[in-house]
Amino acid sequence: MTSTQLVRFRTLGIICTRTPVAINTLGTNGFYTAVAPLEKSFQLYNMENLHLIFASKEISSKHGISSVAAHNEFTLASAGAKVFVYKRADVVGVLSLPHEEEEGDDGQLRIFKLLILGELVLAAASDNTIRIWNWDTREYIKTLSFDAQFNLTAILHPSTYVNKILVASTDGRMQLWNFATLSLIYEFSGLSSSITSLEQAPAIDVVAIGLQDGRILLKNLKTNTNIRHFHHDGQCPVTAISFRNDEGSDSAMMATGGADGGVFIWDIEKGRMIVKVAAGENAGDAHQEAVHTLEFLAGQPVLVSASGDNSIKEWIFDAENGHPRLWKSRTGHRDPPNRVRFIGPEPTTIITSGSDGSLRKYSTIQDQRNLEFSRKNANAKKFGASNEEGIPNPIIHFDACESGNDWDDVVTVEANNQLVKTWKLKRGAIGNHELSTSDKSPAKIASISPCGNFAFVGSTLGGIDMYNMQSGRLKKSFPKNQLHSKAIVGLAVDSLSSILVSASLDGTLKVWSIKTSTLTHTIKFPVPASAICFHKDSNIVAVACDDLCLRIVDVEVGRIVRELWGHQNRILDLALSPDSRWLVSSGLEGSVKLWDIPSSSLIGSLKVDPATSVSFSVDGNYIASSHVNNRGVVLWANTTLFDIASSSIPEELLNVPDQEDMLITGKEDEGEEGDDVNHDLIRLSTLPLSRVQLLLNLESIQKRKRPTEKVEKPDSVPFFLGALSSTTSDMSFKAADFTQVAANTDVSRNTLLDFNDSTADWHGKVEFLERLAEMSPSALDLEIRSFATSDFGPFLDLLLNNTSSSNYEFLQCVLNIFVEAHGSDVIGMPKHIREKLTALKSKTEESWRTLEDLFHSNLAILDHLRS
């Protein structure tokens, strides 16, 4: 079962995945780009400022992208056993295996490395082969195979080695092949560890070899000798290598990346390590996962690194000691976000939090506005912003209010911490206050009033505290004798900051008066509540309960007004639309359901990875969601824009596990072409609406087209001009010309199809109507006005027999023109003509009453739904 109301629009917050990034140079002015592959598309970044240039279209494959390579404006992306050729953002070709191999492919073949050499592309595959295509002509050329003991891990084209490639294996061996002749040239002696990476050094014949045990060897291929060797601390596997090649360095420099996310800088001449940018938050700027891409930009003291922690960073070497510093970076959530909310009066700002401890802001219209909230504050240490290892505490809940105040306007709740942090949305940094629970138990939930002046903190023991956001001081605590007995799971404040709604695991929803701190309503549920969503304008609250039911509570009267059933596992989050007519909810079974609250019906369902959080934009155009296996924020477009035409889904469908999208197909009743199911039905014509309107308003249109000024007679020409033209042009008329003109003049009369033939049977004759429908409005008007009195009878018979045909509105237009043109003539006609007009009037009124009843019925249904 799918939802036609929601369509996936785009994904925010994914910078790169665990697939290596390709760095490309465009032109001769040093314009560098980075191709960052995603699941089934890629993003192109400008390396000068790390701004997103564009995101490509998705590939049509069940496999995700496993490697990319770039050449000028073309990008090659492999998925499964195919290579997709992009020109900028569009797919322009696909490189496939030969037909016999493609039929035998069981879907397990995977290309993990692409190497572009001119018009050729070499693809290292998981079946221990290298496939070669001409990516310009899309022609498959040949296959380079290796023995079963040689497990391919890396490939490299050594500089100046024509038609040669160097390949490495897991057993430490390297082989030099001529891929043009498919011949092995030389096999180097094996090393004691698996080879993980190969990189060409600035010197000819020299390559760098990275090993699984953390060693880096500089080897001369021509002499088969080792020049230098280095090793990572703790035998950290080498994942990437790059050499600095600008003129600003006093000595040769090499950078290597480790599996722990660290970046190592080496002095090649002295054979020592200059510095290590270690992994972990204590290092401040390092990656958190293995560095899969490391490359110095040609001619610049800039190092680009990318990692599976969803980040791309640029390091600049401008210090005298040769140490790099972080210059620019684009980062996203390292772990999937657990909460997402639209913030502010405009539907362009989204705030997310995650178990990685980061708080981030995303823009839906400009990618450059995305940022991570900074923790660099003098008071951050006393707030306990990070644990002893320097890693930020996981954020389990947050709330924000873009009120425009000068004080903090975001609060975050961290796992197993009684301190609630405050943040400043405009500055994008941590604030100056900590809000503690009065009962000293860990904070569970926090909420900010719409005015931005107050914050409410709920604890795991059921306590509720109210703080002043400007001063950070405790204003009041709600009475203990009326509080919840278990942890608070939801807090919300109305638009006037006069009512506070709280929900708890004790199965109650309580409504408080903020001014007097008194309890006004208590609503009990049969099971504990897990989450709430409060609509501040209409004062209704949606509550997710542990019995998989969504309950709608009217806060004003303090009772349950709706119950929505349909989820099959725990409800994770819910959100109300801006007009409080729709409710979107996500369940652990992997569905996002859309509910119509007035009719209490399910109107849409999406089968996705379990969505941990959902949120409506303030204008209702988009829904944002976060998922367990996705580091980004998915935007869903609302295709109806809340022009709701609700339709209930049958009850039996609600009990069917929607494990996959359902596609319903059916066959229409068989019959002859053109046969009608019901001859009494009224059907409209296929003519454009503008054609019918033009017929009805032809007279006014013709008046509007008349010239406003009188046409002046042209000046008489000299007598000799006519004589000159007659000497050069043939002005004589031939008999054939008169014949053609006469034939054209008879077209109008031939259209009447022998109306004067009194023996003609006009019942069911639609040829004449088809001829009329094909005519232009002006010609049709002239045709009807040209009727003689002898044509009236057959014409009225034709209209009587086709009043309910498939040209209903067209026939009404024709009848309108006929009455307008010949109404005065019909009065003096014989009695049988007037009787036909009377019968036609009765039949037309009967058809109109049928349409009118349908119109009134549909209008009544729409009014009911809108109310």
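Two strands are taken to pair if DSSP finds at least two bridges between them; strands (E, at least two residues) and helices (H or I, at least four) are DSSP runs, numbered from the N terminus. On that basis, four strands form an open antiparallel sheet in the order 10-11-12-13. This is a predicted model, in which local features need pLDDT of at least 70, side-chain atom pairs count only at pLDDT 80 or more, and totals for chains, interfaces and linings use all residues. Residues are numbered from 1 along each chain as its sequence is written, and side-chain values use heavy atoms, with hydrogens and water left out.

**Chain overview**
- The protein chain contains 13 helices and 56 strands.
- Of its 867 residues, 49% are buried (under 20% relative accessible area, 1.4 Å probe, protein chains only).
- The chain exposes about 42600 Å², of which carbon and sulfur atoms supply 50% (Shrake-Rupley method, 1.4 Å probe).
- Among contacts (heavy atoms within 4.5 Å) with a separation of 6 or more, 47% join residues 24 or more positions apart.

- Strand 10 (111-117) and strand 13 (139-145) are the edge strands, each pairing on one side only.
- Neighbouring strands are turned by 20° against each other on average, direction ignored (axes are lines fitted to C-alpha atoms).
- Strand 12 (residues 129-134) runs antiparallel to strand 13 and is joined to it by six bridges.
- Thr 129 has Ser 145 of strand 13 as its bridge partner.

**Helix 10**
- Pro 777, Leu 780, Asp 781, Glu 783 and Ile 784 are buried in helix 10 (residues 777-785).
- These residues lie on the same side of helix 10 because they cover an arc of only 160° around the axis, taken from the directions from the helix axis to the C-beta atoms.

Key: Buried < 20%, exposed > 50% of the residue type's maximum accessible area, 1.4 Å probe, protein only. Axes fitted to C-alpha atoms, helices over the stretch in contact; angles between N-to-C directions.
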